[in-house]
Amino acid sequence: MNRNEQRYIEIGLKIAYYRKKNGMTQEQLAERVGISPGYLSQVETPSFVQPISLKTLFAMADTFQIPPSKLLEED
């Protein structure tokens, strides 16, 4: 797995973390940011590398009321 693929997986895991922390289902978050629940499921699944656009990332950060950088920070 290359470095960018690993980054997408880490972003997906952070999205799942903040979604759960905010008590939201995948369906609720997907509706709020204008994506399908199936796509969100793929983004959050660590065994599946799914790229995400900045537009979607920014919408999620706004929904979680966090700076977008929180979703991009490397652990």
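The entries below go from the whole chain down to single residues.

**Entry 1: the overall picture**

I am working with a predicted model, so I keep that in mind throughout. I counted 5 helices and 0 strands in the protein, and from the N terminus on the elements run α-α-α-α-α. I then looked up the radius of gyration: it is 11 Å, close to the 11 Å that the globule rule gives for 75 residues, so the protein is as compact as a globular protein of that length. The C-alpha trace spans about 30 × 25 × 20 Å along its principal axes.

Next I checked burial and contacts. Buried residues account for 36% of the 75 residues. Among contacts between residues at least 6 apart in sequence, 59% join residues at least 24 apart. The protein exposes about 4,600 Å², and carbon and sulfur atoms supply 50% of that area.

**Entry 2: the core**

Which residues touch the most other members of the largest nonpolar core? I found I15, L29, L40, M60, F64 and L71, out of 17 residues in that core. Two or more residues come from each of α1 (3-21), α2 (26-33), α3 (37-44) and α4 (54-64). The largest share, 4 residues, is from α4.

Leaving out residues up to four places away in sequence, L71 touches I11, K14, I15, Y18, L57, M60, A61 and I66.

I listed the buried residues of α2 and got L29, A30 and V33. They cover an arc of only 100° around the axis, which puts them on the same side of α2.

On the face turned away from the buried side I noted the exposed residues E31 and R32. After α2 comes G34, with a positive phi near 80°.

A59 and R32 are 27 residues apart in sequence and 8.3 Å apart in space, C-alpha to C-alpha. A59 counts as partly exposed because its relative accessibility is 23%, and the buried class stops at under 20%.

**Entry 3: aromatic rings**

I found 2 aromatic pairs. In one of them, Y17 and Y18 sit edge-to-face, 5.0 Å centre to centre with 80° between the planes. Y17, Y18 and F64 form one aromatic cluster.

Is each tyrosine of that pair buried or partly exposed? Y17 is partly exposed, at a relative accessible area of 46%, whereas Y18 is buried, at 14%.

I looked up E10 in helix α1. E10 is buried, with a relative accessible area of 17%. Apart from neighbours within four places in sequence, E10 is in contact with R3, E74 and D75.

My last stop was Q65, in the loop between α4 and α5 (69-72). Q65 has a positive phi, near 60°, and is not a glycine. Q65 counts as exposed, at 72% relative accessibility.

Key: Residues numbered from 1 in each chain as written. Predicted model: local features only at pLDDT ≥ 70, side-chain atom pairs only at ≥ 80, totals over all residues. Heavy atoms only, no water. Core = buried A, V, L, I, M, F, W, Y, C linked by side-chain atoms within 4.5 Å. Buried < 20%, exposed > 50% of the residue type's maximum accessible area, 1.4 Å probe, protein only. Contact = heavy atoms within 4.5 Å. Arc of directions from axis to C-beta. Phe/Tyr/Trp six-rings, centres within 6.5 Å; stacked < 30°, edge-to-face > 60°. Rg over C-alpha atoms; globule rule 2.2 N^0.38 Å. Areas by Shrake-Rupley, 256 points an atom, 1.4 Å probe, with all protein chains shown as cover.
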